Amino acid sequence: MSDLVKRYTSSVFFDKRMWQADIQGSLAHAEMLAAQGIIGASDLADIQKGMAQITREIEAGEFEWKLDLEDVHLNIEARLTQIVGDAGKRLHTGRSRNDQVATDVRLWLRGEIDLIEGLLSELQLSLVEVAEQNVEVILPGFTHLQVAQPVSFAHHLLAYVEMFRRDADRMRDVKKRVNILPLGSAALAGTTYPLDRERVAKTLGMDGVSQNSLDGVSDRDFAIEFTAAASLCMVHVSRLSEELIIWMSQNFGFIRIADRFTTGSSIMPQKKNPDVPELARGKTGRVVGHLMGLITLMKGQPLAYNKDNQEDKEPLFDTVDTLKDTLRIFAEMIGGQIDPATGKKNGGITVNAANMRAAALKGYATATDLADYLAKKGLPFRDAHETVAHAVKLAQQKGVDLAELPLAELQAFNPNIEQDVFEALSLEGSLNARNTLGARRPRRCASRSQTIAHGWLESRVRRVLSMSVSRRRILSLSLAASAAAHAPWGLAQSNKSLRLLVGFPPGGGTDAIARVLADKLKDELGEPVIVDNRPGAGGQIAAQLLRTSPADGSTLFVTHDHTISILPQVVKKPGFDPDRDFVAVGGFANFVNCFAVSAATPAKNFGDYLSWVREQGHGKSAVGIPAPASTPEFLVQLLARRYQLDLLAAPYRGSAPMIADMLGHQIPAGIGSVQDFLENHRAGKLRVLAVLGGARQAALPDVPTFAELGLKGFEDLPYYGIYAPSGTPAAFIARFSRALEKVVAMRDVRAQLTAMGINVEYLSPAQLAARERAYTQVWKKIIRESGFQPQ
């Protein structure tokens, strides 16, 4: 084959991004083959060892991707065979590249959908935060781009929150059809080997297996569906972009976008161009084009697999990249970025309330309110409509607003008009008169959906819990760690970087803490320290990655009690054993969970909250929790038993979407760490009513502990610690622990961590291990008494 044809038919340089999914699927397939007696246990062990080495090579940038081997799948299989010999050749037993490719794309896309859901939540939260700051700000609402009626700026922004909520719902719905396993369909007609496809699906956390082998290898509906959902999401971004562009123009002057999201002109020095919104508007066409391309790709294909399907990946990959980048940038552009030094956001959009109000006073925006006023006086609305049209004509002739016409002139149109008409004609009167569900009244914007329908809430909780359980199973068959000896830690490794794994999303509390430490550790250790976010399943994915990382001091894991002490007890197959797989390197803090309520909940203290819940009388009262089977969930159970309340723990995937719902008054209360709630508590957007632990917190000196309130059982504080793979040289652990102790003692580090709401406390490796053992025993008792069954 000529080099030209090789380049034309190869996909390796764009599909190599799926290498993790390929290894994950291959390991699950190999485990099943061994369980079925199709390959031997020694072959499985060799395959696991080889895949562990390949993982390290790819992560280190040492893996050689070869054009001759065409794609990611053949490249990995060839390297595996090179490492372990015939065992690598046996891996492909019972499968074809057709079903292998289809499986890898689904696994990869499933993970990307999870990330997109998180980014949608971040964008919604940014919109909610800006809306809450501008509830009383009035701007003109438009139809046909003509002034129609005054609306609250908050109400306007919350319309986009609804759009992005639907986008998140669509992503969740698409994932149901993405998360189906085609592996085992082979080339097109199945296989003669006794495969256990359901076992592989369960191992990979997939919801089922494809029911027709022909369809299994050739189906790309899921990719089209995802791209359609992504296109609609980008359309919503584009609509928002158009408004931002208009609002920041000199003719409107409603908002200002931070300089880092705009550019100047090469010739006109006064220009400040909204490049980011304009590019997002343009990139929407790009994503919609990918949708059209995928539909066209599939329209003429006979069953089953055809080489045409290689062309599904580039548009799919680009759609994912474009959507993720756009959502991430828009969340920052609208809501601002968190300053690690202060823990506060800055740099979001700046609102010019005066210009918005001035614009709302133009165009007779309260004309409909005058018609409604007359209709309430007994005049038929159609007659009232005609009467107001004459009043508007007079106001136009005089060059004044309706509210500026004298009472006598207004009474000339209808004698029933009285002095109170001027309240109806004011902008505030117009907004406050709208009090129907979904309307624009400022108070309704501020307290939207304070009480959620019980049936809707329970169905939502079930859905979120189901997703969380599914994610617990992700990567349940982790890569086996290589038994090969590793080079001892020493000066020869000083040219390498140290990776700090974080099992939670960028921008969250653990991520912010890790970055504060990394910034100082690099100086103490004399080498680069990189924070590597591997979010998912409460830290489970990062923990599994640590287990398969080399024990040479190149990779550490920054985490807390949930991953180490709790998760292994509530998940049947976590994919790691902290006692066997990890070694404590050092601790640096403990953190405190707290109970908070939304600003719309009429509770100034915990006693008020108890009374409020009892007065509701409409079913279960929801309490948000960042993750299922966590400290907050068991605390909800304890609160319900102790105070005889009908509480429902509503699990989310992380603190950000939970707090977004609390700020949007979708849920009345929530439990999370102090750092999750602290900023909004200080801003008066949420109220922290109680904290766990045996002492009040410096960041919240006026907030009582649950122990003070008479609730016992949670006095022991959760911990933050750093772990290394078992077998890591003692010399490295000692060196890193000394560096960590110095960093934790630094005044600026302590100030930053304290500002995040955590208690700074250095723990030696031995002290951290002891704390972990003690806390694990506490949780064994709590879990046993709660009756919780591992899932």
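**Backbone, packing and core of the predicted chain**

His144 lies in the loop that links β1 (138–143) to β2 (146–152), helices (H or I, at least four residues) and strands (E, at least two) being DSSP runs numbered from the N terminus. The structure is a predicted model, in which local features need pLDDT of at least 70 and side-chain atom pairs count only at pLDDT 80 or more, whereas totals for chains, interfaces and linings use all residues. Residues are numbered from 1 along each chain as its sequence is written, and side-chain values use heavy atoms, with hydrogens and water left out.

The phi angle of His144 is positive, near 60°, in a residue other than glycine. With a relative accessible area of 77%, His144 is exposed; exposed denotes over 50% relative accessible area, buried under 20%, and partly exposed the range in between (1.4 Å probe, protein chains only). Ala186, also a residue other than glycine, has a positive phi near 60°. Ala186 is placed in the loop between β3 (180–181) and α9 (197–203) and counts as buried, at 8% relative accessibility. A further backbone feature is the cis peptide bond between Leu303 and Ala304, for which omega is about 5°. Ala304 belongs to the loop between α12 (275–298) and α13 (313–335). Most residues other than glycine have a negative phi, and most peptide bonds are trans.

The chain as a whole contains 32 helices and 19 strands. Of its 791 residues, 57% count as buried. Among contacts in the chain with a separation of 6 or more, 77% are between residues 24 or more positions apart, contact being defined by heavy atoms within 4.5 Å.

Helix α3 (residues 19–35) packs against helix α7 (residues 97–133) at an angle of about 120°, and the two axes are 8 Å apart. Axes are lines fitted to C-alpha atoms, for helices over the stretch in contact, and angles run from 0 to 180 degrees between N-to-C directions. The two helices, α3 and α7, are therefore oblique to each other; angles under 35 degrees count as roughly parallel, over 145 as roughly antiparallel, 65 to 115 as roughly perpendicular and the rest as oblique. Ala21, Asp22, Gln24, Gly25 and Ser26 of α3 meet Gln100, Asp104, Leu107, Trp108 and Arg110 of α7 in this contact.

The largest nonpolar core comprises 116 residues, and Phe226 and Phe330 have the most contacts inside it. Such a core is a set of buried Ala, Val, Leu, Ile, Met, Phe, Trp, Tyr and Cys residues joined through side-chain atoms within 4.5 Å. Helix α7 gives the most to this core, with 15 residues. When residues up to four places away in sequence are not counted, Phe226 touches Leu109, Ile113, Ile116, Met171, Val174, Leu316, Thr319 and Val320. Another core, of 34 residues, lies apart from the largest one and has Val529, Phe736, Val744 and Val760 among its residues.

Ile513 is situated in helix α22 (residues 509–525) and counts as buried, at 0% relative accessibility. Neighbours within four places in sequence aside, Ile513 is in contact with Phe588, Gln675, Tyr720, Leu753, Met756 and Ile758. Ile513 and Ile758 are 245 residues apart in sequence, with a C-alpha to C-alpha distance of 9.6 Å.
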